[in-house]
Amino acid sequence: MTNSSGYSCLQHHSFSTSLIRDPMPDLIDHQHVERPRRHRRRRSSMLLPSLGLLLAGAGVLSALLGLGTAAPAQGTAYSLPPPKGSAAIGLAVAGVIASGLLLGCFLACLPMICTLFQYWRALFFFWFGGRYSEAGARLGLERYACAHLYSLASVLWLMKQPHYRTGTFQDDMLTNLRNVVLPTGIYGVPLSLWARTRVHTIFAILFVLPTAAFVGGWYRKWHGLDTSASKCFRRSLLAPTDWFQLWRLNCRLASMTALATKSADFELEDKWKFIKSCMDKKIPVTPVMDQPVTLVAKDVLEEGGMGIHVLQNVLHGGRWILQEKLSNCDAVKQLLPEKAPLSTMRVLTGSMGALKDLGSPCVRRPKAFCLATVWRAGRQGASTDHSCIMVNVPNGLSSETLGRASSSAHWYARGWKSLGMPVSTKDGSISAHPDTHMVLEGKVLPGASRAAALCEKAHDELMPGVPLAGWDVAFCPNPNGGDEPELVLLEANLSCNFFRGDVEWTAYTELLDAHFLAIDAWRRSR
C-alpha cells in the first residue's frame, strides 16, 4: 500500500490545488535512472533553515570566544580565573551551543510542526463527528485533502465493516498488505503489521505516517528529488500523490461505496463472473476452454502422489478457469526483451453512477471517464507482468506515444531484500528497458487509445455503480491478420492503483469529493 505513506513523497504529478505541486516517485534499475537536476534553492523556502543555522553558528562562535578567554596565553597581564569560574564559563558556553542548535532545529522544522498539528486536527475533527461538508471551511483544506483525510479517519470504523470480496475491510488489509513494505533501505517490514488491531492502526495513522513523511521529506530534499522537505512533508500528510496512498484511498472509496449501495456490480471482482458478463455484453475478453472437464497436471519428478494438481473446469461445476496462454502481438514484442511475459496496459476509469444509489443529485459526468493509462513492460524471464517497469502513456485516450517509466520494486522488498534499496524515487526516472537498454520514451504502442476507449465502454456497460476500476488489457496478434492488435480484457480490479501514471487530477478530485459527501450523509442517516 507511493505513497502512501511509506515515505510518501514519492510521485511527481501536476495538481491544481495549492497543496500538491511537487509530486513524487518510485524505484527502478539504477543503470537507466537519470540523475535529478539540482534545483536552485528559493530564498523564501530557505529562510527559516538559514536562520536556524545562523543561530547555531552563533552558538559555536560564542563557544570559541568562551574557550579563548578561559585559557589566556602566558605573559598576559591578567591571571586565570579560579576553577569554579572556569566550570561556570564552560557550562554557559555549552548552554549557548545547545540553545542555538535546538532553536535552529525548531525554526527549521517549524513549518512541519504546523502541518503535523493541522493533520492531527483534521483526524480528530472527523473522529469526533465532524461533517465532511464542513471540513473544507473549518480546516482550511482543499477538496482533495478533505477527501483523503476523511477516508483515512474512516479506517477505524471501516475495519469491522463487511467487505465486498473478503470478510471485513480489516481482513482485506491483512491480505493485501502482507507483501508490501515501508521502504527503509535497510529491512522491509510488511505493512500488514499495522492492520492487526485498531490500536495498531491508530498508532500508524497518528505517528508512523508522520514519521515516514518526515524522513521521506528530508531524504528527497537531500537527494535532489524535492526542493523543500517541508513542502514534501505537507504534501505527504495532507494531500498525497504517491502510488501507495492513492491505492489505499481508492480501496477505502470502493469499500465504503459497496457497503452503502450494496451494488451487485462489485461482484465482478470475481474473475469468472467478470468473464461471463463480458461475453454476455459482447465485450472482448480472454477466451475460456470448455474442454477438458477436468485437467490433471503432474510434476515430472515428484513421486508418492505428490506434485499432482487436479483442476476442475469452472464451466463444469469447478472453480478453475482454464485458458490457453495469450501472447503479445508483434508490435509489442519489438518493445520487449526475449521471453518476456504477456505485457498488459492498465487503464483506470472512473464513474459517477453510484451517486444515484447514494441519493446524490445528478453530476456533470454521466459517462465513465479515463483517469490514467500505464503500460507494464515485462521483464525477461518473468512469468507475469507483475515483474515489470511501468511506462506512462500520457493522454492515453488520444495518443499512443509512450512516456517515461517508473518502478515500485522497493515497496515489495521484504526483509533484508530492502538493504541498499532507495527510500524514495522519482516518477519517470527510467528512460530505457533495463533488459534491452532500449529507450521506450517516444515509442508507439499501437492500440493504446482504442484500449482506453474500450475500458470506458466496459465500465459503463458492466459496472456503472463502481466508482473506480483498473482494467488489464492485452495486445494480442490479430486473428484476421493486419497490423492492428486484437484487444482483450483480462480482468477488472475494483480496489485499484494508478501504477505511477499521470492522473487526471480534476476529474479524480470531483469523483472523490462527490462520493465522500454522499457517503458521509448516508452514514449519518443510518
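1. H4 crosses H9 in a left-handed sense. Bear in mind that this is a predicted model. H4 covers residues 143–153 and H9 covers residues 243–261; their axes sit 10 Å apart, at an angle of about 70°. Since angles of 65 to 115 degrees count as roughly perpendicular, that makes H4 roughly perpendicular to H9.

2. Who touches whom here? On the H4 side you have Tyr144, Ala147, His148, Ser151 and Leu152, and these meet Gln245, Leu246, Leu249, Arg252 and Met256 of H9. By class, the contact of H4 with H9 has six nonpolar residues, three polar and one charged.

3. H9 turns up again at the largest pocket, where H9, H6 (169–176), H10 (271–280), E5 (388–392) and E8 (486–493) each give at least two lining residues. The volume of this pocket comes out at about 1,800 Å³.

4. The lining of the largest pocket runs to 48 residues, and nearest its centre are Arg376, Asp385, His386, Asp472 and Glu491. Sorted by class, that lining has 18 nonpolar, 16 polar and 14 charged residues.

5. Then there's the second largest cavity, at about 40 Å³. Its lining is made of Leu268, Glu269, Asp270, Lys271, Phe274, Glu491, Ala492 and Asn493.

6. Which element gives the most to the lining of the second largest cavity? That's E8, with three residues; H10 also supplies at least two.

Notes:
Residues are numbered from 1 along each chain as its sequence is written. This is a predicted model: local features need pLDDT of at least 70, side-chain atom pairs count only at pLDDT 80 or more; totals for chains, interfaces and linings use all residues. Side-chain values use heavy atoms; hydrogens and water are left out. Axes are lines fitted to C-alpha atoms, for helices over the stretch in contact, and angles run from 0 to 180 degrees between N-to-C directions. Helices (H or I, at least four residues) and strands (E, at least two) are DSSP runs, numbered from the N terminus. Angles under 35 degrees count as roughly parallel, over 145 as roughly antiparallel, 65 to 115 as roughly perpendicular and the rest as oblique. A crossing is left-handed if the near helix is turned anticlockwise from the far one by less than a right angle, and right-handed if clockwise. Contact means heavy atoms within 4.5 Å. Ala, Val, Leu, Ile, Met, Phe, Trp, Tyr, Cys and Pro count as nonpolar, Asp, Glu, Lys and Arg as charged, and the others, Gly among them, as polar. On a 1 Å grid over the protein atoms alone, a cavity is a set of points where a 1.4 Å probe fits but cannot get out, and a pocket is an open set with protein on both sides within 12 Å along at least five of seven lines; lining residues have an atom within 4 Å of a point. Grid points are joined across faces, edges and corners, and a volume is the space filled by probe spheres set on the points.
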